[in-house]
Amino acid sequence: MTFSKPHKQIFYATLIVLFAACTNAHIKKGDRYVENLSYANAVASYEKVLNKQPDNNDVKLKLADAYRNMNDSKQAERYYYEVDTAGILKGEAQLHYAQMLMKNNKYEEARKYLEVYLAANPEDKLAQALLESTTSTATLKEDTAGYILDPLPLDFTVSMFGASHYQNGIVVAAETEITSAATTNPWTGYSFLDMFFLQKNSSGAWESPVSFGETLNGKYHDGPVTFNEAQDMLIYTRSAMKNEKKQLVNEKRENQFYLYQSNKVDNKWSEPVALPFNNERYSVGHPSLSQDSKTLYFSSDMPGGYGGSDIYKSTYDGTSWSQPINLGSMVNTAGNEVFPYIAKNGNLYFSSEGHQTLGGLDVFTCQNIGGSWGAPVNLAYPLNSSQDDFALVLNENDSTGYVSSDRSGGDMVYAFTRVPPQYILDGIAMLKATQLPIEGVTITLINTTDGDTARIKTDTDGKFKFNLLAEKNYKVLGQKEGYFNVSEEFRTNKSDLNRTITLSFEIEEIVASDSGTGSGNSGDGSGTAPKTYNIGEVFYDYNEAGIRDDAKSVLDKLVTLLLDNPKLSIEIHSHCDSRGGAAYNLNLSQRRAESVVDYLVANGIAKPRLRSKGFGSSRPVNKCREGVQCTEEEHQLNRRTEFIVLASKDL
């Protein structure tokens, strides 16, 4: 059979209409899947459209959003990129694209899109925080050995998260391969979440998970869970139900969650009871009980928060739970704060996308000081990654525990061990005059927290090195016969980062003067001038002898020098500028020298070690002698203080 030209045109036109109708049907089907949160099925429908219409950017954007909701950042980035290349990526899609780029370790690219988005939406606090995060990732990734992570096996389950200690194992929330259509979570294509118990066998290997509590695992989502200290009461997250068969969803078509409590009676868990602050207008979940079981921390998107989900707490008075209290703006942000965990020492751990992160959710910790929460600290890499990291819990020793992460493409629980931070003091001693290294300087390291002491001498390169402990106060003292002793004090703070502390000691030779009167000026014919040591910028106001505030930090260094050199005695020399009469200036400079002595004595230096001498305006350091016109800055240089070291026979 052959077609005439008109018949061919009609035939091909009919095919085009049929293809278009088929394509539109797939788009509508995909949209319905999205409305029902069936993202896995939506992706399949949209992909069919692209097979026929590879340039359909509207569908590509739908695909990007679906993959983003499935937490597949690589596929989401791919389609956002293609939409952006077509020049139609606008508004919130730019923010979403930036978030996917950050999750994929592309921080510089993400920064560009965040800047564009913020130019149009300058009040978006989440975008502001994300932009700041793109510049802080280098610091957060500085350490590669702060933690050792070991993934738990996914036997039987396809993903799991939210470990909680129970008996000799842990309880997690997990999803499995589907066993029937009725148990399929349309969001992921796997099962709904159930709670499972895991423990290790006698050889230390993890056994396969087993279902935890027949009464507790229902038709839809169940978990994660928290237990009281006696482990005879639990509170856990489960799907909020609109009726017996249908889950409750919010205006974004997202599943709502409630918190339920169950008690162990005759070694069986009772029928769960909803907590009183559950509400169909918002979700509550991710519970964590304090050690005394009187305070419950959880996450919620209830109205009145700072944006997204916030961390709240409720207290138990013996009969009921109180109205939730928001933990405040130090903890909560415009983004999501989720998965709180309250440690036995009262420190709070939680995950956030609104503080500075590596991308996605990162784990933070903060302390409660005097009833207020301190600034959250990012636990950094490798505990945190560019993907979502959340649901941290600690073991009894506080240095090991479990954390959940999707860094490998799906939610997994990782056992972690915190490696104590290693501090190294890397120092060098140099001659102050030449900046050349000096050998044989005795370096004493004093752990002033514990009282421990270590001692070493500098090598031919003037170098020295010590290993240090975290959270200790240290003093380092450098000593060499004939040279000023020098010291430095510092503290190693608690940190998960390996740190190298560098220290340079400038060692100066001691040249003692034979004169204790301040004479010996080579210009007066009495011989070689004594070695004069400039204290630094200890300046004075015009016509004043008192110590200025800006001079105290300089004099404090002299205090340290004298404390480090207890056998040293000095004579303070003070000077004036050329304005004023000679007799007046001589008196003023003497008072200035005495004010320095008074300051040193007030700060613990014995008076017999100190002498004072005023020289008036007789020793200017520049051209500003009597009758010479000078600026105020030039005059200021002559209002100074110096010292000489006194020979022992002059004491």
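**View 1. Strand 22 and strand 23 form a hairpin with six residues between them.** In its turn, Gly409 has a positive phi of about 105°. This is a predicted model, in which local features need pLDDT of at least 70 and side-chain atom pairs count only at pLDDT 80 or more, while totals for chains, interfaces and linings use all residues. Residues are numbered from 1 along each chain as its sequence is written, and side-chain values use heavy atoms, with hydrogens and water left out. Strand 22 (residues 400-405) and strand 23 (residues 412-418) pair in the antiparallel sense over six bridges. Strands count as paired if DSSP finds at least two bridges between them. Strands themselves are DSSP runs (E, at least two residues), helices are runs of H or I with at least four, and both are numbered from the N terminus. To find your way in this pairing, look for Gly401, whose bridge partner in strand 23 is Phe416.

**View 2. Strand 21 and strand 22 form a hairpin too, with five residues between them.** Here the turn holds Asp398, with a positive phi of about 65°. Strand 21 (residues 389-394) runs antiparallel to strand 22, and four bridges join them.

**View 3. Strand 22 is mostly covered, with six of its six residues buried.** Buried means under 20% relative accessible area, exposed means over 50%, and partly exposed lies in between (1.4 Å probe, protein chains only). In a regular strand the side chains alternate between the two faces of the sheet. In strand 22, Thr400, Tyr402 and Ser404 point one way, and Gly401, Val403 and Ser405 point the other way. All of these residues are buried.

**View 4. Four strands make an open sheet in the order 15-16-17-20, with antiparallel pairing.** Strand 15 (337-342) and strand 20 (377-378) stand at the edges with a single partner strand each, so one side of each is left without a neighbour in the sheet. Strands of a sheet pair through backbone hydrogen bonds, either parallel or antiparallel.

**View 5. Ala138 and Leu358 are 220 residues apart along the chain, and their C-alpha atoms are separated by 9.1 Å.** Ala138 belongs to helix 7 (residues 125-140). With a relative accessible area of 61%, Ala138 is exposed.

**View 6. Lys62 and Asp31 form a salt bridge, with their closest N and O atoms 3.2 Å apart.** Lys62 lies in helix 3 (residues 57-69) and Asp31 in helix 1, so the pair ties together parts that are 31 residues apart in sequence. A salt bridge is a side-chain nitrogen of Lys or Arg within 4 Å of a carboxyl oxygen of Asp or Glu. The structure holds 20 salt bridges. Both partners in this view are partly exposed: Lys62 at 29% relative accessibility and Asp31 at 24%.

**View 7. Lys106 and Glu77 meet through their side chains in a salt bridge (2.7 Å, N to O).** This pair links distant parts of the chain, 29 residues apart: Lys106 is in the loop between helix 5 (92-103) and helix 6 (107-120), and Glu77 is in helix 4 (residues 73-85). Lys106 is partly exposed, with a relative accessible area of 31%, whereas Glu77 counts as buried at 13%.

**View 8. Asp577, Arg579, Glu632 and Arg639 are linked in a network of salt bridges.** Within this group, the side chains of Glu632 and Arg639 meet at 2.9 Å, N to O. Glu632 is partly exposed, with a relative accessible area of 38%, but Arg639 is buried at 2%.

**View 9. Lys28, Lys29, Arg32 and Lys48 form a positive surface patch.** Patches are made of residues with over 30% relative accessible area and no salt bridge, joining like charges within 9 Å and nonpolar side chains (Val, Leu, Ile, Met, Phe, Trp, Tyr) within 5 Å. Helix 1 (residues 5-35) gives the most to this patch, with three residues. Lys29 has its place in helix 1 and is partly exposed, with a relative accessible area of 37%.

Notes
Accessible areas come from the Shrake-Rupley method with a 1.4 Å probe; for residues, only the protein chains shown count as cover. Lys and Arg count as positive and Asp and Glu as negative; His and the chain ends are not counted. The place of a charge is taken as NZ of Lys, CZ of Arg, CG of Asp or CD of Glu.
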